[in-house]
Amino acid sequence: MYPGLPRAQDEIRGAGSHAGGMKEICAWVGWIVGIQGGLGLLGPVWGDGPQGLLSLWFDLPAPAYAVVLVGGLALGIWADVSRKRDKARAAR
């Protein structure tokens with residue numbers, strides 16, 4: 001469209017696949033959710049009660065924080081491993 005400027009499609013293709021970007025977002029979300037679950041679960045050890053943003057928004061019992069911790073870590077690990085596997089396949 002504009003001479004000398006790359007098209008948006010070319011920039012997207014050069015940066016990697018769209019699925020790779022989504023996996024990176026999933027990894028970030030997973031790690032953040034896992035950290036929030038850990039803060040809620042271990043908050044009573046260091047303070048008066050659960051810590052983190054989840055404790056401000058919801059009144060969750062300790063087992064729920066454990067589920068949030070495990071779910072967030074599982075999502076983060078899955079997304080990172082999958083993204084690295086895709087990069088290795090693309091390098092072949």
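Author: Begin with a definition: a residue is buried when its relative accessible area is under 20%, exposed when that area is over 50%, and partly exposed in between. In this chain, buried residues make up 21% of the 92 residues. Keep in mind that the model is predicted.

Reader: Which elements does the chain have, and how many of them?

Author: There are four helices and zero strands. Read from the N terminus on, the order is α-α-α-α. As for the surface, the accessible area of the chain comes to about 7,000 Å², and 68% of that belongs to carbon and sulfur atoms.

Reader: What share of the contacts with a separation of 6 or more comes from residues 24 or more positions apart?

Author: A contact means that heavy atoms lie within 4.5 Å. Among the contacts in the chain with a separation of 6 or more, 64% are between residues 24 or more positions apart.

Reader: How many salt bridges does a search of the whole structure find?

Author: The general idea is that side chains of opposite charge can pair when their charged atoms come close. The search of the whole structure finds two salt bridges. In one of them, the side chains of Lys23 and Asp86 meet at 2.4 Å, N to O. This pair links distant parts of the chain, with Lys23 in helix α2 (residues 18–46) and Asp86 in helix α4 (residues 62–91), 63 residues apart.

Reader: Is Lys23 buried or exposed?

Author: Lys23 counts as buried because its relative accessible area is 15%, and the cut-off is under 20%.

Reader: Which side chains meet in a salt bridge at 2.5 Å?

Author: Those of Arg83 and Asp80, again N to O. Here both residues lie in helix α4, three residues apart, which is about one turn of the helix. Asp80 is buried, with a relative accessible area of 17%.

Reader: What does the side chain of Gln36 reach?

Author: The side chain of Gln36 reaches the backbone nitrogen of Leu53 at 2.6 Å. Gln36 lies in helix α2 and is buried, at a relative accessible area of 16%. Beyond neighbours within four places in sequence, its contacts are Gln51, Gly52, Leu53, Leu54 and Tyr65.

Reader: Which residues form the nonpolar patch on the surface?

Author: Met22, Ile25, Val29, Val33, Leu75 and Trp78 form the patch, with about 530 Å² of accessible area together. Helices α2 and α4 each supply at least two of its residues, and α2 gives the most, with four.

Reader: Why does Leu75 count as partly exposed?

Author: Leu75, found in helix α4, has a relative accessibility of 30%, so this residue counts as partly exposed. That class lies between the cut-offs of 20% and 50%.

Key
Residues are numbered from 1 along each chain as its sequence is written. This is a predicted model: local features need pLDDT of at least 70, side-chain atom pairs count only at pLDDT 80 or more; totals for chains, interfaces and linings use all residues. Side-chain values use heavy atoms; hydrogens and water are left out. A salt bridge is a side-chain nitrogen of Lys or Arg within 4 Å of a carboxyl oxygen of Asp or Glu. Buried means under 20% relative accessible area, exposed over 50%, partly exposed in between (1.4 Å probe, protein chains only). Patches are made of residues with over 30% relative accessible area and no salt bridge: like charges are joined within 9 Å, nonpolar side chains (Val, Leu, Ile, Met, Phe, Trp, Tyr) within 5 Å. Accessible areas come from the Shrake-Rupley method with a 1.4 Å probe; for residues, only the protein chains shown count as cover. A polar contact is a pair of N or O atoms within 3.5 Å; within protein, one must be able to donate a hydrogen and the other to accept it, and residues adjacent in sequence count only if both atoms are side-chain atoms.
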